[in-house]
Amino acid sequence: MNFWFELLQNILQIAISPTTAAFVLAAIGLNVHFGFTGLMNMGQAGFMLVGAYGFGVSVSYFGLGFWAAIAVAVGAAVVFAIILGIPTLKLRGDYLAIVTIAAAEVIRMVVKLAVLQDITGGPSGIPGNKYRPVFTELSPLPDGKTTILGITYANTGVDDWWTRIVAWGLVALFLLITWLLIRSPWGRVLKGIREDEDAVRSLGKSSYAYKLQALILGGIMGAFGGVVMALPAAMQPDSMGRPMTFNLWMIVLLGGAATIFGPLLGSILFFVVRLLLTSLAGEFIPSSLLNTQQTEQLAWVLIGLALILLVVFRPQGVLGNKKELSFNV
Amino acid sequence: MTRTTAITVSTKRPLGVALLLTLLLALFLGVFTASPAHAVECVPDAATGCVQGVIKTGAGDPAAGIKLTLKGDGESQSVETDAEGRWAFAITAAGTYSVSVEKSSLPEGQFFKSADTREVEAQLNSQASALFPLTDNEAEASGGETSTTGKGEAASSSSADSFSWPRFWQQFVSGIRMGLLISLASLGLSLIFGTTGLSNFAHGEMVTLGGLLAALFMGLTGNLWIAGLLAVVASAAFGWAQDKVLWKPLRKRRLSLMQLMIVSIGLSITMQYLFQFFWGSGVIRIDKSTPATWTFFGVTLTVQSYIAMGISLLAIIGVGLGLMYTRFGRATRAISDNPALARASGIDVDRVINIVWIIGAGLAGLAGVFLGLVFNGLNWFTGGQLLLMFFAAVTLGGLGTAFGAFIGSMLIGMMVELTNIWLPGDLKYATALLLLILILLVRPQGIFGRKERIG
Amino acid sequence: MSDAAVRSNAHIEGYPYDREALRAELRTLDQVPGVAKRDPILTVDRIERRFGGMTAVNVAHLEVPRGAITALIGPNGAGKTTFFNLITGFDQPSNGQKLIGGGDARWSFNGKDLRRTGASQAARAGMVRTFQLTKALSRMTVLENMLIGANNQPGENIFVGLIPPLWKARERENVERAKDLLARFKLDAKINDMAGDLSGGQKKLLEMARALMSNPAMIMLDEPMAGVNPALTQSLLDHIQALRDDGTTVLFVEHDMHMVRHISDWVVVMAQGEVIAEGLPEEVMTSQAVVDAYLGAHHDKDLGDDDALNTGFMRAIATEIADEVEEETR
């Protein structure tokens, strides 16, 4: 019985963890790109990386304060989006896919350069304690620990309630922004572009400008995802690589592209199901048959298969409406 | 293959193998994240961390056969540098480790410039590096004290490279080799894209599969030629099966190209972790013997490299001639041009696409076999890491044109190897990707693509 | 017909484009390619488009008269649609101005130089087009399709869009306007349907209605009759004439000679990329150059298709006229 109780608690923990929130944030951004605008951004992890390092380097190397560092993170994401968007947004969709995935890899390689060791920490990244203090000192919470539903964290510290409050607050804010925007005439033009770009251009809207705006907006959301991801832990270039982008796609498709709450539901489902798989396998399959590492690998195999099955059999995801599917026919 | 020591460089390797004038890579130590397909490679994951580096002589040539020992966390491991001077340790617990170089294993006339032992902070899921700069000038040599990897030292290491014509020539030929290997894979990618419109993100895994299968068959048969042939045949069969089981039914379901692309991403993830599951995450070597080298017009490569280049060239020419002069080739080009018209004019589109898959997968498998041989080993992510090079090559040449894919591959191969002369080694793939982005800015249809294709 | 007639009778004061006056004016012109008009809305000079070795469009000079219905006709492959694409910024002329250097192609609309503008700017200048293959935004409702056509909605700016009070009022106006237009095109019953669920003819109507949302000075219709149920063609014709009577200039590409003769005020004939003739509909169609151009294309099977379509079309007109006569006698 103890196992089940612990499992339940683990599920709760993972559902509210800042990492899950970071994935939701980045997935909301990807949903703005793909779900609402039809942009094949295969480099969302690059936006996260740019945001995280924009923040981390500003604090740890340039000694900026929290708000200035956030501004740098956002600015970096905007610049990244513009650099990516200008050459590719006039071209067919798969060009954007290839360029974004390539650019995200380039960013990761550059950040890892040992020549930049002093600034970015090279391959080992930036340890959390070099940038976290500017964030924790903003915390209005009293010292000590708080237990909610049997889960205890420090109010303010390394992996704390303060981070969780801010992370999920951001999620709520971004959900509100997408909700407002998608119902606005701006969002209508985006949907129009997803449907038929030429028709929208023939009606006097510069589809290019709208796509660039969408790319920037989603990119900024990704950058916040990167910052939130790095806050409770350390900054690691390899933690924001291609697998991260693919996971985000999985999340968006699972929850339902072009829906407001799809990314939220998708992220939580993604993490909870993965946890369930590995915990149950760890508990009930003897480690002589499957060790932890192999369980992890099999979980990934299942993720890959699930992605295939999802795209083929339920492309609208859990929440989506088949009529408003974001795949172009 | 044990998991703790990802690199199992045989200790039986004759020490007499002199300094190999092989790849003169930029003197950049430590990080090989961007450089797949090298023999000594440790891939960090959740349970593994890597400590690694490259040792080069004072002249900048890779120093092979140098013995290193890693101590810490209650364990001790030993390795030797490979033909390219690389070494790596895989660790399973984070902590402080000390890496030391055995002075007696240094090539004659080489001395430590600074230290022979270094302390390294290693973490799981990441790579740590340690530098052991050598010098051939005894006056510069230090006594060999212990030192902790300082940030400044790592940063200064990349400036030691310099340009020389022999080095350029060596890199140039390496570029041709890289280009030919990339061509094998990108030809298939291009053909598949041309006939089906699919940007196949699982193409890298087809390359990996070829190499891994070759290693498997090598273990079974012991003959490299037979193993390679079987691996290519098995890869081609996999391409056939993939199309029959997966892609053809999906085409019939009329999935959009974007959906198909995501399906290929799912397939790529699935295959990568299946490889890890069956082969582990370490480096697999197809041919475990020490590769012989051959110097030809001042260029030193392994004999296997020369053979690989020859066969690759033949295969590429064969496919090119086939596309130009056979009925199947004409049908393929007709489908690339206009599938509806091709179907209407009596071409069995599904059959042609199926053959394209067989050829594409076979070529990818061949590329995998050669990559594993040329770079002295491969792992589950070798193809995945090169995937973007394939895409870059295909895009550069013009999406969907086979000849363009070949030229694009050669350019990318050159780019990767030549930029190495001036830039830190871990940027060599980055420059190729930057080139891709620039090309799209100036000439989005690629070098040989027609503008109308971009649509 | 009666619908349009009522509209033109009850015309706004000061409307300068009385059809008869306009036609009389056009009748005085020389019927030669590139003839100057008194008040051209669109002027094109030296516009050329080559695909590989083939020249698809090569127009030396063309003026489109303001307030008239101008038909652009010509055999298949004459370059009519390519010409449309060039003018509206969906394609760039081979001799167009480049970032550096470039050729001397130039065209202006309503006095505005359009050489360096993209498709969306051309549309905002007041030149809105439709497409040969309809481009309805399938997974959006008919109303959403209409609203996207309006070009005065401040909420299409991302920051304004975040604050509904800033754009709700305009949205209500636009919804009213959309409803009016949809009623005129008899699509008001479909207002909340997905555009993708409409029939082909309804999509054509929707596309036209959508284009009108922005009150364009000129509407460019690319084969408005193609694929439309013959029963719908007459009402389409009425709509087009009504547009002209409201002061909108119409330029349309059409294969259907009867339609051209029926509604257009001026006809431009293209063949092999060039303008080979211009003139009044009843005269230009019989000119030797046009006959030659069409005879040259006679071996194409297209003409047969046209004939088949025309027969159906004639029958449709006949029934419509009969209906009207009935109505009038009642």
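Two strands are taken to pair if DSSP finds at least two bridges between them. The structure described here is a predicted model. In chain C of this model, strand β3 (residues 69-73) and strand β9 (residues 266-271) run parallel and are joined by four bridges. Within this pairing, C:Leu72 has C:Val268 of β9(C) as its bridge partner.

These two strands belong to an open sheet of six strands in chain C, arranged in the order β6-β7-β8-β3-β9-β10 with mixed pairing. The edges of the sheet are formed by β6 and β10 (274-279) of chain C, each of which pairs on one side only. On average, and with direction ignored, neighbouring strands of the sheet are turned by 20 degrees against each other.

With strand β6 (residues 127-129) of chain C, β7(C) pairs in the parallel sense over three bridges, and C:Val128 stands opposite C:Ile219 of β7(C). With strand β8 (residues 249-253) of chain C, β7(C) also runs parallel, the two being joined by five bridges. The bridge partner of C:Met218 in β8(C) is C:Thr249. The path from β7(C) through helix α9 (residues 230-245) of chain C to β8(C) makes a right-handed β-α-β unit.

Because five of the five residues of β7(C) are buried, the strand is largely enclosed by the rest of the structure.

Taken as a whole, chain C has 13 helices and ten strands. Of its 330 residues, 43% are buried. Among contacts in chain C between residues at least 6 apart in sequence, 71% join residues at least 24 apart.

Chain C also touches chain A, in a contact that takes 31 residues from chain C and 25 residues from chain A. On the chain C side, the elements that give two or more residues are α4 (119-124), β6, α5 (142-149) and α6 (158-161). The residues on this side divide into twelve nonpolar, eleven polar and eight charged.

The buried residues of α14(A) are A:Glu296, A:Gln297, A:Trp300, A:Ile303, A:Gly304, A:Leu307, A:Ile308, A:Leu310 and A:Val311. These buried residues pack against α12 (242-255) and α13 (262-284) of chain A, together with α5 (257-279) of chain B.

Chain B has twelve helices and twelve strands. Of its 455 residues, 57% count as buried. Among contacts in chain B between residues at least 6 apart in sequence, 77% join residues at least 24 apart.

An open sheet of three strands in chain B has the order β4-β1-β8 and mixed pairing. Strands β4 (86-91) and β8 (127-129) of chain B stand at the edges, each with a single partner strand, so one side of each is left without a neighbour in the sheet. Neighbouring strands of this sheet are turned by 25 degrees against each other on average, direction ignored. Strand β1 (residues 49-54) of chain B pairs with β8(B) in the parallel sense over three bridges, and B:Cys50 stands opposite B:Gln127 in β8(B).

Elsewhere in chain B, B:Ile412 lies in helix α11 (residues 402-422). This residue counts as buried because it has 33 C-beta neighbours inside 10 Å, the cut-off being 20 or more. The C-alpha atoms of B:Ile412 and B:Met178 are separated by 8.3 Å, although the two residues are 234 residues apart along the chain. Leaving aside neighbours within four places in sequence, B:Ile412 is in contact with B:Gly179, B:Ile182, B:Met389, B:Ala392, B:Ala393, B:Leu396 and B:Ala432.

Key. Residues numbered from 1 in each chain as written. Chains lettered and ligands numbered in written order. Predicted model: local features only at pLDDT ≥ 70, side-chain atom pairs only at ≥ 80, totals over all residues. Axes fitted to C-alpha atoms, helices over the stretch in contact; angles between N-to-C directions. Buried ≥ 20, exposed ≤ 12 C-beta atoms within 10 Å, placed from the backbone. Right-handed = clockwise from strand over helix to strand, strands pointing away. Contact = placed C-beta atoms within 7 Å. Nonpolar A, V, L, I, M, F, W, Y, C, P; charged D, E, K, R; others polar.
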